Amino acid sequence: MAKRRKVKRIGILTAGGDCPGLNAVIRAVVKPAVEMGIEVIGFKDGYSGLMFNKWKKLDGHDVSGILVQGGTILGTSNKDNPFRQPFKDSRTGKVYYKDLSDDVVRTYKRLKLDALICIGGDGTQTVSSKLVEKGLNIVGVPKTIDNDLVGTDMTFGFDSAMTTATEAIDKLHTTAQSHHRVMVLEVMGRYAGWIALSSGLAGGGDIIIIPEIPYDINSVCAKVRERSRKGKRFSIVVVAEGARPKGGGLVVKEVIKDSPDPIRLGGIGNKLGKDIEERTGLETRVTILGHIQRGGTPTPFDRILATRFGIAALELVRNGDFGKMVCLRNGKMASISLEKVGGKVRTVPKNCEMIKAARMIGICLGD
Ligand code: F6P
């Protein structure tokens, strides 16, 4: 067994886009830590709390009853980056950037932290890895509804988002059947199709379009027409926000200049819906599910996964095993070096068993 360190005080933060299960991780760290006599400092709004010294001490009362709450009691931000923090010049309105990573190190030292637990996705783990190089003892916890983080078989938040998307497909089915319409549902996921593929399978979608398989509009329309011919007078199309037609580009909703990840995808559902209606003559409606997928209470699966991640992160801290992210590997808790995680995207592999299953039951993947 690894030799335990004497840990007196640790910090914890949630960064990047929120998702259901963040509070479950915080609770799983704070509850046992308090019992062990470890003080926990909760930084507010992601790395912003470390840069600008915004924090509060967390005890048992703070985490009581938060297991089922969506969001994060600490607040989060997907704009802050200690290595390139954006500021707005009040006179000119121009955005300029400053490296505030030394302020982060100062806060960490002033508070006499033994370690810091950073809960976040790709961007968060990238920043954490750079802060490790500056001497901070960091342990990462993998979060994101997109399930696109490398190094873990699954992130928490994904199951909840997938469940919300599945419920939306179930609801679209009844109205699609009544009106004999084509219903297009656009779901999130950035450049990976995990939410679309999983919810599409779970909800019985007829056509599932993911970023990993560029689609041919002719194949999509052929599937819709075939269903009509067979007397199925409605079709459900699930499309990932990062999907694109063969030979075509991504549909970008917005470019947020001062964000470390400035591209916001969105709108492919509208394009697809318009193209289907024009080509098939069938009435088509589009739903863009949006941030509903990030909200609400976590599913039981996510509550358990988040709790396991929190406990595993505290274990790494107590073992002095820093510079790592906890992960799920073959059903068990494990860890991976932070260096190996950041700056990459875990997309759906072409030979993914779910893709095969979808094809076998007649779902069109647009190719
Ligand atoms: O990464 C999570 C996610 O919800 C993506 O699925 C989506 O593309 C993006 O964040 C939306 O970001 P924002 O909350 O900044 O609009």
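Q: So are α6 and α7 parallel, perpendicular or oblique to each other?
A: Keep in mind that this is a predicted model. The axes of α6 (residues 158–179) and α7 (residues 194–203) cross at roughly 45 degrees; that is between the 35 and 65 degree cut-offs, so the two helices are oblique to each other.

Q: And how close do the axes of α6 and α7 come?
A: They come within 8 Å. The crossing of α6 and α7 is right-handed.

Q: Which residues meet there?
A: On the α6 side they include F158, M162, I169 and H173. Those in α7 include W194, I195 and S198. By class, the contact has eight nonpolar, six polar and one charged residues.

Q: Switching to α8: which of its residues are buried?
A: I217, S219, V220, C221, K223, V224 and R227.

Q: What do those buried residues pack against?
A: Strands β8 (182–187), β9 (207–209) and β10 (235–240), plus helix α9 (268–280).

Q: What span should α8 have, and what does it have?
A: At 1.5 Å a residue, its 13 residues should span 18 Å, and the end C-alpha atoms are 18 Å apart, which agrees.

Q: New topic, backbone: what's phi at D45?
A: Near 55 degrees, a positive value in a residue that isn't glycine. Most residues other than glycine have a negative phi. D45 sits in the loop between β2 (39–43) and α2 (47–51), and D45 is partly exposed at 29% relative accessible area.

Q: Where is N53, and what's its phi?
A: N53 is in the loop between α2 and β3 (55–58), with a positive phi of about 60 degrees. Its relative accessibility is 38%, so N53 counts as partly exposed.

Notes:
Residues are numbered from 1 along each chain as its sequence is written. This is a predicted model: local features need pLDDT of at least 70, side-chain atom pairs count only at pLDDT 80 or more; totals for chains, interfaces and linings use all residues. Side-chain values use heavy atoms; hydrogens and water are left out. Axes are lines fitted to C-alpha atoms, for helices over the stretch in contact, and angles run from 0 to 180 degrees between N-to-C directions. Helices (H or I, at least four residues) and strands (E, at least two) are DSSP runs, numbered from the N terminus. Angles under 35 degrees count as roughly parallel, over 145 as roughly antiparallel, 65 to 115 as roughly perpendicular and the rest as oblique. A crossing is left-handed if the near helix is turned anticlockwise from the far one by less than a right angle, and right-handed if clockwise. Contact means heavy atoms within 4.5 Å. Ala, Val, Leu, Ile, Met, Phe, Trp, Tyr, Cys and Pro count as nonpolar, Asp, Glu, Lys and Arg as charged, and the others, Gly among them, as polar. The expected span of a helix is 1.5 Å times one less than its number of residues. Buried means under 20% relative accessible area, exposed over 50%, partly exposed in between (1.4 Å probe, protein chains only).
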